[in-house]
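Please examine the sequence and the structure shown below before reading on.

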Amino acid sequence: MSFLATNLSRVKPSPTIAMTAKAAELKAAGRDIIGLSAGEPDFDTPENIRNAAKAAIDAGKTRYTAPDGIPELKQAICDKLKRDNGLDYTVKQVSVGTGGKQTLYNALMATLNDGDEVIIPAPYWVSYPDMVLLAGGTPVIAEASLEANFKLTADQLEAAITPKTKWFIFNSPSNPSGAGYSRDELKALTDVLLRHPHVWVMTDDMYELLAYDDFEFCTPAEVEPQLYERTLTCNGVSKAYAMTGWRIGYAAGPEHLIAAMRKIQSQSTSNPCSVSQWAAVEALNGTQDFIAPNNEKFVRRRDMAVEMLNAIDGITCPKPEGAFYVYPSIAGLIGKTTPAGTKIDNDQTFATALLKEKDVAVVFGAAFGLSPNFRVSYATSDAALKEACTRIQNFCASLT
């Protein structure tokens, strides 16, 4: 009998973290690696947020807090949701976790029983299916194609729902594709959900503020208020506020669900870092003036990556509405061979050969549930991104 839990055999390590770690290992060994695998901004945390953290330390706010967040941060979250999304929540309806991942995980652990199904559109963030599996549920993958700009249709959602469905996980703008659903596109999905009152909605709005051009973000409970009582609206400060390492995420939903999530967190990590919580209060309440200039840089990088990747024969790269990723297809490269003799028979082989032969780290599409693609994070400097895309162009041109 194995010493390890059998449930652990259902999941795999995060491929994005694995690729980032491999790139760091090669770089430490002296290789000129350009990493496009990590999903975090290359900007520093804004000064006002850093100063709030320093002030919290100096004020001695370094002790345990309530298990799922200080009242001041919960109120700041309620104010943000009302201000930006038109959603009314009380502090009793808010849970603060150690990053957005923990709030999602807590909700799944608190609600899933054996046999419960969770609908996950693909391409998806790598952790969704594995968190469902760890909680004892069954992921139901609904593929959103390149032709549909990686967006799930109402018919696809309808077809995926069964009597066993408990959750629908919704992420817009998306990791890994950057695809953002318009209000009309989201309304078509919420109309389906209204017909199935046993299905709850878990939104991952982490990239809400990273929206470009004329795209306007919206979230399910905002679009369809009738879904309010069965929606968990999840978000965090990691991406737009360049606070990935601070580890603060949050969720708002019905009190009984939040209480269940609190119970789990009280017996696992307990409270998120106290100093990080005070920094997050400033992030949500303080100036937002840095977001627009940062987004201008992201748009410039997005457009560069899309143009350079689409110039490659065999690659198709849609222009996304938000986040800081592109998700190009390599369908036209399958079957070709690298100068080192590696046959490109899938996207994992492509990403491995690209790292080995051109020192560029990307994440293969199978990790996100939709192939043959790869994910590029353009949350890096313009110079590094241009050089990386040039190397990808040269690599693809060398294939025979």
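## Salt bridges

The whole structure contains 23 salt bridges, each defined as a side-chain nitrogen of Lys or Arg within 4 Å of a carboxyl oxygen of Asp or Glu. The model is predicted: local features need pLDDT of at least 70 and side-chain atom pairs count only at pLDDT 80 or more, whereas totals for chains, interfaces and linings use all residues. Residues are numbered from 1 along each chain as its sequence is written, and side-chain values use heavy atoms, with hydrogens and water left out.

Because Arg-31 lies in the loop between H1 and strand S1 and Asp-359 in the loop between helix H12 and strand S10, the pair ties together parts 328 residues apart in sequence. Helices (H or I, at least four residues) and strands (E, at least two) are DSSP runs, numbered from the N terminus. Asp-359 is buried, with a relative accessible area of 15%, while Arg-31 is partly exposed at 31%. Buried means under 20% relative accessible area, exposed over 50% and partly exposed in between (1.4 Å probe, protein chains only).

## A salt-bridge network

Asp-42, Arg-300, Arg-301 and Asp-382 are linked in a network of salt bridges. Within this group, Asp-382 and Arg-301 have their closest N and O atoms 3.2 Å apart. Asp-382 belongs to helix H13 and Arg-301 to helix H11, so their pairing joins parts 81 residues apart in sequence. Arg-301 is buried, with a relative accessible area of 4%.

## A buried serine

Ser-276, in helix H10, is buried at 6% relative accessibility. Beyond its neighbours within four places in sequence, Ser-276 is in contact (heavy atoms within 4.5 Å) with Trp-246 and Ile-248.
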